[in-house]
Amino acid sequence: MLSEAKITNAQVRVYTVATDAPEADGTVQWNRTTMVLVELSSGGTTGLGYTYADPSTAQLTRTLLDEIVKGRDAFDHGALLSAMYGRIRNVGTTGIAMMAISAIDNALWDLRARLLELPLVNLLGRVRDGIALYGSGGFTSYNDRQLREQLGGWAEQGFRMVKMKIGSHPDDDLRRVQLARAAIGEGVQLFVDANGAYSISQAIRFAEQFADSNVRWFEEPVSSDDLSGLRQICERAPAGMDIAAGEYGYTAWYFRQLLEAQAVTVLQADATRCGGISGFLDAGSLCWAAHRPLSSHCAPSLHLHVCCAVPRTVHMEYFHDHQRIERMFFDGYCEPQNGEMKPDLSRPGMGLTLRESDVARYAVQGD
């Protein structure tokens, strides 16, 4: 039994990876993705955690590690979280501050599980052996061929759900949705994500039109800050179409507000933003109390163990950018099989080991 697990070393590294093609959704365009990675060591054991965030997140992460985490016992997890929340009070408990805490919290969970020589899902309390995925991409910057090949390719690999972006060119959205439906066939569920690009009236009209293509999930039809608007769309959505939001939730109280406003039929949470795995567990408890399903947002390797431990989780986003980066960066990446990911129970923690030599070229200079 461990009597002490002092954190003897803590470091932050930043990596930026170019996308494999220009990408866009209903409101933003991008051509690179940045990972802020935290490593915590106790004796000869090292755990890792990360967030996808702006490189500036690393500065606050280092401050929190230096002032609060280093030298403390890894099993003082709750006390460390409380101290970090207190430290960011005057800078705000959203955005960069919460992403910094998320990366550290994720590393703490990984380190604790490794110290106990357990896969993280077993430390959390396993509910299921694997979790269903939905392939996520279909960017609005893609041409018709790219859209067909990506979504259709996931369908051929056994994915039972795929998601595409909409909203950049509303006049073309219905045609693209119909194209996607033809590419994946009738046996695969089709999800759409507007990233808040529509007005309320637009979203209601499109929901009715998308129903003809059997769209089963409409994500952020309006801004996720517009709880009243989301509720109106929930009330008018066609039968069988879920309304989802929550990926930009940083705190448990935001998730509570979404649920109490009846603004979603499925809640999303992102452990790279919402206070890490600890925050995702909070979201799971709120979904349990509200009788709502939960879905993870992005970062599939990071969410795999916790999604297999939270009863209300129904599926996990297999986001194109992040699965590509995680496959390149980590030994222990769990390849999907028939549209599902399963934790490797032979490896402790999250089971991920950074490929130091392979990823060095992606390091942000001066970090």
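## Helix packing and cores in a predicted model

T57, L60, T61, L64, L65 and V69 of helix α1 are in contact with I96, A97, M99, A100, I101 and I104 of helix α3.

Two packed helices are described by the angle between their axes and the distance between the axes. For α1, which spans residues 57-69, and α3, which spans residues 95-115, the axes come within 9 Å and cross at roughly 55 degrees, and the two helices are therefore oblique to each other. Their crossing is right-handed.

Another helix pair is formed by α9 and α10, where A252, F255, R256 and L259 of α9 meet D282, A283, L286, C287 and A290 of α10. The residues of this contact divide into seven nonpolar, no polar and two charged. The angle between α9 and α10 is about 25 degrees; because angles under 35 degrees count as roughly parallel, these two helices are roughly parallel to each other. In passing α10, α9 makes a right-handed crossing.

The table sets the two pairs side by side.

| Helix pair | Residue ranges | Angle | Axis distance |
|---|---|---|---|
| α1 and α3 | 57-69 and 95-115 | roughly 55 degrees | within 9 Å |
| α9 and α10 | 252-260 and 276-290 | about 25 degrees | 9 Å |

Which residues have the most contacts inside the largest nonpolar core? This core has 82 residues, and the ones with the most contacts inside it are Y50, F210, F218 and F329. Helix α7, covering residues 200-210, gives the most to this core, with five residues. When residues up to four places away in sequence are not counted, Y50 touches a set of residues that includes M35, V36, L37, A103, N106 and T272, and also A299, S301, L302, E326, F330 and L352.

E117, which lies in the loop between α3 and α4, has a positive phi of about 60 degrees although it is not a glycine, and E117 is exposed, with a relative accessible area of 67%. H291, placed in the loop between α10 and β10, likewise is not a glycine and has a positive phi of about 60 degrees. Is H291 buried or exposed? With a relative accessible area of 58%, H291 is exposed.

How values were computed: Residues numbered from 1 in each chain as written. Predicted model: local features only at pLDDT ≥ 70, side-chain atom pairs only at ≥ 80, totals over all residues. Heavy atoms only, no water. Axes fitted to C-alpha atoms, helices over the stretch in contact; angles between N-to-C directions. Helix = DSSP H or I, 4+ residues; strand = E, 2+ residues; numbered from the N terminus. Parallel < 35°, antiparallel > 145°, perpendicular 65-115°, else oblique. Left-handed = near helix turned anticlockwise from the far one by under 90°. Contact = heavy atoms within 4.5 Å. Nonpolar A, V, L, I, M, F, W, Y, C, P; charged D, E, K, R; others polar. Core = buried A, V, L, I, M, F, W, Y, C linked by side-chain atoms within 4.5 Å. Buried < 20%, exposed > 50% of the residue type's maximum accessible area, 1.4 Å probe, protein only.
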